[in-house]
Amino acid sequence: MSDNNNLPSDHPAVSTGRVGVLLVNLGTPDGTDVPSIRRYLREFLSDRRVIEVPKLIWWFILNLFIVTFRSPKTAKAYAKIWRTESDESPLRYYTRQQSEALAARFADDSAVIVDWAMRYGQPSIPDRLTALKDAGAERILVFPLYPQYSATTTATVVDKVADTLRGMRWQPTIRFVPPYHDDPAYIGALAASLDAAGFGESGDTVLLASFHGLPQAYFEKGDPYHCHCHKTARLLRERLGMSPDRLRLSFQSRFGPKAWLQPYTDATLQELAAAGHTDVAVLTPGFAADCVETLEEIAIEGRATFEAAGGRQFRMLPCLNDSDEHVDMLETITRRELSGWL
C-alpha cells in the first residue's frame with residue numbers, strides 16, 4: 001500500500017506495489033442462443049484487424065448477411081461442444097483453469113496477481129486490466145495465448161490494451177509476452193503431449209498439424225503467421241524425430257470465396273484417405289485451449305470428412321488445455337518475461 005497520509009480525508013486509498021499477469025484468449029459467446037452468438041460475431045468480425053474490407057461495405061455484409069444467416073449455424077456448432085455442467089464454452093473453461101493453475105505456481109509470492117480475459121466477449125480486457133490496477137498492479141504482463149503471431153490475433157490484443165490505457169489517467173506499465181511459436185518450452189510441451197498420447201518416432205499413423213487459416217492476401221502483405229506455423233511444425237518434427245510425411249501441416253477454418261493459406265485441412269484429410277492413409281490423428285498446435293474450431297470443426301466435421309473419403313481410424317488429440325505440461329510452459333515463459341519486476 002502506498003503512503004496516503006497527505007491525501008484529502010475523502011480520497012480513496014490507492015493500492016500499489018504489485019505485479020499483474022493477464023492471460024488473454026480469443027473469445028467466446030456467453031451462450032448457445034442466437035442472440036448471444038450474434039453479439040459475439042458482431043464484435044469479433046467488426047475488428048478491422050480481422051476483416052480488411054472497406055468499412056462501409058463490410059458493415060452491410062456483416063449486419064445484413066453474416067450476423068443474420070451465420071448465427072443460427074454457429075449456435076448449433078457451439079451447442080454440440082458446450083459444457084453444460086458449468087454452462088460455458090470449453091475455451092472459457094480452460095482459459096480460467098489455466099489462469100488458476102498459473103496463479104497457484106505464484107502462491108508464495110503475494111506481489112503477483114494472475115487473471116484472464118477474452119479479446120472478444122467476457123470477461124473483457126478493459127474490465128480485467130482495471131481490476132488488476134485496482135488491486136495494486138502497477139506493472140502488468142499481458143500474455144496473448146497465440147503461439148504464432150498474426151495481426152488478426154496478437155495485434156488485436158495489443159490494440160485493445162492500448163485503447164484501455166488511453167482512458168486511464170494513471171496507467172500501469174505494460175509488457176507483452178512475445179510470440180512463442182519456437183520457444184523450447186512450447187515445443188517441449190507439444191512433444192510431451194504427443195509422447196503421452198503414444199506418438200513417437202515409429203508408427204504408421206499420419207499426424208496432421210492443423211492451424212487456423214489466414215487469407216492469403218494477409219500473408220502477402222507481410223503477416224508472419226504462415227512462417228511461424230511452419231517453424232512450429234518443423235521444430236516439433238525434429239524434436240520427435242519424425243519425417244515431413246509423418247507429421248504434416250494444414251490450415252483450417254477458411255471463410256469466404258478468396259484464397260486462404262494452403263493446404264486446407266478438409267482437403268488434406270480427403271487426400272490422405274484417398275491415398276490409403278487410413279489412420280490419421282489431428283493436433284492443433286495453434287490453439288492454447290480446445291474450442292469450437294477443434295471440438296466441432298475437427299473432431300466432428302473433420303472425422304466425417306475423413307471417414308466419408310474412406311478413412312477408418314481418426315483421432316483428435318486435445319489441445320494443451322490445463323495439462324501440467326502446458327502450465328509448466330506458461331510458468332516458464334511468465335517468469336522469464338517478469339524478469340526484473342520480481
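Start by selecting β3: six of its eight residues are buried, so the strand is largely enclosed by the rest of the structure. Buried here means under 20% relative accessible area, with exposed over 50% and partly exposed in between (1.4 Å probe, protein chains only). Strands (E, at least two residues) and helices (H or I, at least four) are DSSP runs numbered from the N terminus.

Before you go on, keep in mind that this is a predicted model, in which local features need pLDDT of at least 70 and side-chain atom pairs count only at pLDDT 80 or more, while totals for chains, interfaces and linings use all residues. Residues are numbered from 1 along each chain as its sequence is written, and side-chain values use heavy atoms, with hydrogens and water left out.

**Stop one: the sheet around β3**

Now bring up the strands around β3. You'll find an open sheet of four strands, ordered β2-β1-β3-β4, with parallel pairing; two strands pair if DSSP finds at least two bridges between them. At the edges sit β2 (112-121) and β4 (173-176), each pairing on one side only. From one strand to the next, the twist averages 25°. Angles run from 0 to 180 degrees between N-to-C directions, and axes are lines fitted to C-alpha atoms, for helices over the stretch in contact.

Zoom in on the β3 pairings. Strand β3 (residues 137-144) runs parallel to β4 over four bridges, and Leu141 stands opposite Arg175 in β4. With β1, the parallel pairing of β3 covers seven bridges.

**Stop two: Glu88**

Where is Glu88? Look in the loop between α2 (55-81) and α3 (90-105). Glu88 is buried, at a relative accessible area of 5%. Show its side chain together with that of Arg96, and you'll see a polar contact of 2.7 Å. Such a contact is a pair of N or O atoms within 3.5 Å; within protein, one must be able to donate a hydrogen and the other to accept it, and residues adjacent in sequence count only if both atoms are side-chain atoms. Setting aside neighbours within four places in sequence, Glu88 is in contact (heavy atoms within 4.5 Å) with Trp82, Arg83, Tyr93 and Arg96.

**Stop three: the other sheet**

Move on to β6-β5-β7-β8, four strands that form an open sheet in that order, again with parallel pairing. Its edge strands, β6 (247-252) and β8 (313-316), each pair on one side only. Select β5 (residues 206-212) and β7 (residues 279-283): they pair in the parallel sense over four bridges. Val206 stands opposite Val280 in β7.

**Last stop: a helix pair**

Finish with α6 (residues 184-196) and α12 (residues 324-337), which pack at about 175° with axes 9 Å apart. That makes α6 roughly antiparallel to α12. To color the contact, pick Ala185, Tyr186, Ala189 and Ala192 of α6, plus Glu325, Met329 and Thr332 of α12.

Technical notes:
Angles under 35 degrees count as roughly parallel, over 145 as roughly antiparallel, 65 to 115 as roughly perpendicular and the rest as oblique.
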